Amino acid sequence: MATLNEIPILKLAEVHAKPKGHQMSYGTAGFRGNASGMDHVFFRMGMLAVLRSKLVKATIGVMVTASHNPEHDNGVKLIDPHGEMLTQSWEELATSLANVTNDELIKEMKKIVDSQNIELTNEASVFIARDTRPSSLALSQAVLDGATALGATCKNYGLLTTPQLHHIVACYNDGNHNVNEEQYYQHYANAFKALLNEKPVGSSVTVDCANGVGAPKLVKLAEHIGVNIIDIVVHNNGQSGKLNENCGADYVKVQQRAPVGLNMEPDHRYASFDGDADRLVYYTLDSDCNFVLLDGDKIAALFAVYIKELLHKADINVRLGVVQTAYANGSSTNYISTEENIEVACAQTGVKHLHKVATAFDIGVYFEANGHGTVTVKDDCLKKIGAAANRDKKLQEQKLAANKLTAFLDVVNQTIGDAMSDLLAVEAILQDKGWSIRDWSCIYTELPNRQAKVKVADRTVIETTDAERKVTKPTALQPAIDKVVAEYPCGRSFVRPSGTEDVVRVYAESDTQENTDKLAKRVSLLVYELAGGVGEKPQ
Ligand code: 16G
Ligand code: ZN
């Protein structure tokens, strides 16, 4: 049994020393915070990736990004062998390792090695990539230092979107050792063209890339597809604007308005990515020039119904389901489950939770309302679809549908929500159905909704159950919410402690915007009063 080679670790740990008192936790999607003072966290996550790689005997990914957060923030997340997010049981290990002092570092690492039974003589391989934040270059170097301090073989891919790194890690561990960025474009461009059957997409689509890494990558993807097939116009490409400032998927979804600098025209298709291109929302203007948002719920509905129709046409019987969170608009849930008769499940906020629930279905479509989502397919289900495409007895029309479904599932990045691949999937469906963005938008009408946040002394006093739809603590809160909600037609409201910010989040929906705003305010006030609100009372 080998031991840790302490000297190089300690030497580099001095270079990446932890500032006094700095504490962080591995949140919903890794560590995230102001980039200054986080250098040690990146160094230590480089080391943790090596330990994980030695344990699972596969390549681990490390992505340097803070997604839709402001430019001055940064973050780091680990990617497990099949391209999924770091297994939850390791989040605690990550948190402890990030928070010990430099003096306790070796002891903490040994603790991890012992508790996990890690064989240190095993080889390790770590893939690293980063977004375009000014701090990302130096922080990805800190990850590299950490990984090399423990003797791993490292590949630094430089600038990538988060889903690109997930894709590369998954393919590599699946035995494709030549996988690289170029192959990513080839894969999705070819899959898209196959799905379209080389028929061009009629009109252009304008994509706000949040001034982030999605911009140069989308340009490359578009080049691989060819402008004769689809005309993608990139907006907010990072040449002048600031990352995520008044632009990007989060801004558009929350503000329900166009990103900076975009002069919208009625009926044109617009889309926004977030800063690391794992979220996608669409929007347009109606003929009265009202802003119309098509968020993650609408993308999920579009995907699910398309898959359902193809399964039906191909005469394939598998279990299809949609996974949403409590944030999904009530109308979307109603449309998918009642009108389209597709199973709907609800998961806790955070991609890892949705992903897990989705994989229980043969085909699982999962989306958060904020635009993060994808489709998962079980291997034997894929085989079943492939067999249907080739079966002699099948009618030509059934074979065609099975082929189309295979092509569609090839266009989506099954490892994680991917704004680029989701964009192609939406474009292909609209093209296939001959739908305008207006047709798509009309499949159901959202209930007016409002999100708010409340500051409390300690947000952990709020505990929830039933996929965050009900509060269990403080005990007086849920009955009080129920009573208020009952006063509003189609009323629904829930509260949950944020996993990324020191606030309690409040969601409300009901029949009119005026009622919804009142409901959100009254529930916010209940949180303030019953869960230790601080500062100004909610207005
Ligand atoms: C993170 C999650 C996102 C979730 C959000 C909730 C991933 C990759 N990202 O951004 O899915 O919606 O956190 O934030 O899992 P909140 O807990 O602050 O509301
Ligand atoms: Zn993101």
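In the predicted model, D466 is partly exposed, with a relative accessible area of 38%, where partly exposed denotes the range between buried, under 20% relative accessible area, and exposed, over 50% (1.4 Å probe, protein chains only). R469, also partly exposed at 32%, meets the side chain of D466 in a salt bridge with an N to O distance of 3.0 Å, a salt bridge being a side-chain nitrogen of Lys or Arg within 4 Å of a carboxyl oxygen of Asp or Glu. By this rule the count comes to 28 salt bridges.

Residues are numbered from 1 along each chain as its sequence is written, while chains are lettered from A and ligands numbered from 1 in the order in which they are written. Because the model is predicted, local features need pLDDT of at least 70 and side-chain atom pairs count only at pLDDT 80 or more, whereas totals for chains, interfaces and linings use all residues, and side-chain values use heavy atoms, with hydrogens and water left out.

A salt bridge is also formed by R133 and D131, whose closest N and O atoms are 2.8 Å apart, and both residues are buried. R52 and D80, likewise both buried, are joined by a salt bridge of 2.7 Å, N to O.
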